[in-house]
Amino acid sequence: VWGIGMIRSYLEERSSMPGITKRTVSLPEDHARYIDRMVASGAFASASEVVRAGLRALQEREDRALTEM
């Protein structure tokens, strides 16, 4: 059961994979619902995949900003 904005088991599901570090994060309810929708749509297999995709996009944006300086 979800607490307000809490994601726990989603990020734990792949903790046995090499190179994966388990984290527990707190999110606003709208972000948690967005993650749930993305998984339910089939676009991602898990919440972990959604979070990783978002982090990759953030890293790419920051890398582009640094190269434009």
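In which element of the protein is confidence lowest, and in which is it highest? Confidence here is pLDDT, the predictor's score for each residue from 0 to 100. The mean is lowest in strand β1 (residues 6–7), at 48, and highest in helix α2 (residues 29–40), at 95. Over residues 1–8 the pLDDT is below 50, and in the model this stretch has 21 contacts beyond near neighbours in sequence; a contact means heavy atoms within 4.5 Å. For the protein, the mean pLDDT is 81, with 75% of residues at 70 or more.

Some ground rules. This is a predicted model, where local features need pLDDT of at least 70 and side-chain atom pairs count only at pLDDT 80 or more, while totals for chains, interfaces and linings use all residues. Residues are numbered from 1 along each chain as its sequence is written, and side-chain values use heavy atoms, with hydrogens and water left out.

Next, the layout. The protein has 3 helices and 2 strands, in the order β-α-β-α-α from the N terminus. These are DSSP runs: helices are H or I with at least four residues, strands E with at least two. Of the 69 residues, 14% are buried, meaning under 20% relative accessible area with a 1.4 Å probe, protein chains only.

Last, the helix pair. α2 and helix α3 (residues 47–67) pack at about 110 degrees, with axes 9 Å apart; axes are lines fitted to C-alpha atoms over the stretch in contact, and angles run from 0 to 180 degrees between N-to-C directions. So α2 is roughly perpendicular to α3, a term covering 65 to 115 degrees. Ile35, Met38 and Val39 of α2 meet Ala47, Val50 and Val51 of α3.

Note on methods:
Buried means under 20% relative accessible area, exposed over 50%, partly exposed in between (1.4 Å probe, protein chains only). Angles under 35 degrees count as roughly parallel, over 145 as roughly antiparallel, 65 to 115 as roughly perpendicular and the rest as oblique.
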